[in-house]
Amino acid sequence: MMEALDDRIPASTRAQAAREAISTARLAVQSGTGRFSFPEIVTLAESHAAAHGRALLKPVINATGVLIHTNLGRAPLGKAQMDAVVAVARGYSNLEYDLTAGQRGSRYSHATALLKTLTGAESALVVNNNAGAVMLALGALCGGREVIISRGELVEIGGEFRIPDVISAAGARLVEVGTTNRTRIIDYTRAVSADTAALVKVHPANYRIQGFTAAVEMPELARLARAHDLPLIYDIGSGLLTATGAPDWVRDEPPVIAALSDGADIVTFSCDKLLGGPQAGVIAGRSDLITKISKHPLLRALRVDKLALAALEATLLVYLEGDASELPLWGMALTPPDDLEGRALRIIASLTKTLGRADLKMHSVASESVFGGGSLPGTQLSSRAISIADPERSAADIERSLRHGDPAVVARIENDMVLLDLRTVAPEQDDGLEAALSASLANGGPVSP
Ligand SMILES: *Cc1c(COP(=O)(O)O)cnc(C)c1O
C-alpha cells in the first residue's frame, strides 16, 4: 500500500517531485549504476512528494506518553481555548484598541487583569515565550550590571537556552556564587556590590541535585534582596499556578503564587508547560519593575501575537472558573490508568477483528508517562499502552510506517515492541489511532522509503 499524499501539496510541487525522480533515473542510466522501470520512477516521485507533505505542519497523534512534548507542540488546547483563537483570528479585534475610551489601547492589557487576579501579582506582561520573558526582564532590569546567581542554577533548558548565555546576551554580567550542590545565604551576601542589579533564582526545571545539597529558600533570599534594595527575579519555568488542589507529584514545582508571596519581585514562566496554554511567556510581579520592563525596546521584538493571547485568556478563564482538569493537559494528566486500559482493550479487540491476523501480538501493558518539556524530572505517571509485535516486521519498521501514516502517529519502541501510550492520546483520537494502526498493520503496512 502506498503512503497517501497530503492533498495540500500543490501541483507544482508534485511536478517538481516527478522531475526529480526522472532526473535521478537519468543519472543512474548515464553513470551506468542502474536502470529504473517506469513504475519505479513513479514510486520514487511519489516518495519525494510524500516527503514534501510530511514537511507541512500538521496534527499528529502523540502516543509517546510525554505530556509536554516540545517537539510535538507542548500543551494541546481544548475547545474553549480554540474557540477564543478562532473568534479573534476570523476578523478584527480590540487587540490594541480601548473600547471604553474609543482610542488606542495596549495588547498587553488583555491578560493582565486575569493574571493579577489569579497570581496576586501587582502587574504582569505577556511576551512570546518564557525564554523571551527572562531575556527581557534581565535586559531591562540588569543591563550593564551584575546579577548574582547560584552555581546550582546555571541551567540549560534545552535548545541552546543556557542561563549564563542568556544573562550575557541580555547585557548583564554573571556573578556565580556557591557550588553546584551547595549555596548558602552568606555566598549571596558576600557577592553583593555597588554594581549588583538583581538577585536571580532559576528553578532547575529539568534535573534534580540530590544528596549533600543546600539551597537558599525564597523567603531568606527575599530578605537579603530587601536589605540591599535589589529586585529578586525568579524564573520558575513551568507555570504551575498553585499547589492547592494539585496532585502530589507536582510538589517539587514552585507555584507562581507561592514564588510571589515568598518575596519574588519578578516571576517568569511559560504558558505552554504546566499552565496548559499556548506558547507565551509571562513576567509577573512589582508594577514599578513591570513598567520599566515594558519600556525596553526588546519588548516589541518579543511581542505576543493575538492568537496566543486569545488562547491564553481562555486558559486563564478556565482557572478562574476553578477546574483546571477542563484543560486537555490536566485532563490527560489526571486520567486514571483504568480508563486508559479500557480504551487500549477496546482498540485491540477492534483491530483483532478487522485485521484477522492471529500472528500479531497486541496487548494492553503498563507504561510510565512523563511530563517532559523540562518539567517534573523523575516524575512518572502510571499509564497504559498498547504493545505491538509483528513476526513479519521489525518494531522500527512499524514505528516508521505509523509516523508516515494518516493521521501520523508518533510512538515509542521498547524491547523490540512498538508501544502506544494512551495517556497522551485524546479519547476523541482513538478512532484515528485505530485507523492508522489498521493501515500500518494490514498487508505489512504502507511502503515507505
Ligand atoms: C522551559 C523553561 C524556560 C524556557 O521557556 P520557553 O517557554 O520554552 O521559552 C526557561 N526557564 C525555565 C526554568 C524553563 O523551565
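This is a predicted model: local features need pLDDT of at least 70, side-chain atom pairs count only at pLDDT 80 or more; totals for chains, interfaces and linings use all residues.
Strand β14 covers residues 375–389. It is joined to β17 by 4 bridges, and the two run antiparallel.

Start with the loop between α15 (395–403) and β15 (408–410), where proline 407 sits. The peptide bond leading from aspartate 406 to proline 407 is cis. Its omega is near 0 degrees.

Move on to the loop between β16 (412–414) and β17 (417–421), which holds asparagine 415. Aspartate 416 lies in the loop between β16 and β17 too. Asparagine 415 has a positive phi of about 50 degrees, although it is not a glycine. For aspartate 416, also not a glycine, phi is positive at about 60 degrees. Are these residues buried or exposed? Asparagine 415 counts as exposed because its relative accessibility is 70%, and the cut-off is over 50%. Aspartate 416 is likewise exposed, with a relative accessible area of 68%.

Now turn to another sheet. Here 7 strands form an open sheet, in the order β4-β12-β11-β10-β9-β5-β8. The pairing is mixed. The edge strands are β4 (123–127) and β8 (173–177), and each pairs on one side only. Neighbouring strands of this sheet are turned by 20 degrees against each other on average, direction ignored.

Follow strand β5, residues 146–150. How many of its 5 residues are buried? The count is 5 of 5, so β5 is mostly covered. In a regular strand the side chains alternate between the two faces of the sheet. In β5, Glu146, Ile148 and Ser150 point one way. Val147 and Ile149 point the other way. All of them are buried.

With β8 it runs parallel, joined by 5 bridges. There, isoleucine 149 has glutamate 176 of β8 as its bridge partner. With β9, the pairing is also in the parallel sense, over 3 bridges. Valine 147 meets its bridge partner, alanine 198, in β9.

Step on to β9 itself, residues 196–202. It pairs with β10, residues 232–237, in the parallel sense over 4 bridges. Valine 200 has isoleucine 233 of β10 as its bridge partner.

Helices lie across this sheet as well. Helix α5 (residues 130–142) lies across β4, β5, β9, β10, β11 (266–270) and β12 (281–285). It runs at about 155 degrees to β11. Helix α10, residues 287–294, lies across β4, β11 and β12. Its angle to β4 is about 30 degrees.

One more residue deserves a stop. Proline 164 has its place in helix α6, residues 163–169. It counts as partly exposed because its relative accessible area is 26%, between the 20% and 50% cut-offs. Which residues does proline 164 touch, leaving aside its neighbours within four places in sequence? They are Leu154, Val155 and Leu174. Leucine 154 is 10 residues away in sequence, and the C-alpha atoms are 6.4 Å apart in space.

Finally, step back to the whole chain. It has 16 helices and 17 strands. Its C-alpha trace spans about 80 × 50 × 45 Å along the principal axes. Of the 449 residues, 48% are buried. Among contacts with a separation of 6 or more, 74% join residues 24 or more positions apart. The accessible surface comes to about 21,100 Å², and 53% of it belongs to carbon and sulfur atoms. The chain carries 43 positive and 51 negative side chains. The centres of these two sets lie 5 Å apart.

Notes:
Residues are numbered from 1 along each chain as its sequence is written. Side-chain values use heavy atoms; hydrogens and water are left out. Two strands pair if DSSP finds at least two bridges between them. Axes are lines fitted to C-alpha atoms, for helices over the stretch in contact, and angles run from 0 to 180 degrees between N-to-C directions. Contact means heavy atoms within 4.5 Å. Buried means under 20% relative accessible area, exposed over 50%, partly exposed in between (1.4 Å probe, protein chains only). Accessible areas come from the Shrake-Rupley method with a 1.4 Å probe; for residues, only the protein chains shown count as cover. Lys and Arg count as positive and Asp and Glu as negative; His and the chain ends are not counted. The place of a charge is taken as NZ of Lys, CZ of Arg, CG of Asp or CD of Glu.
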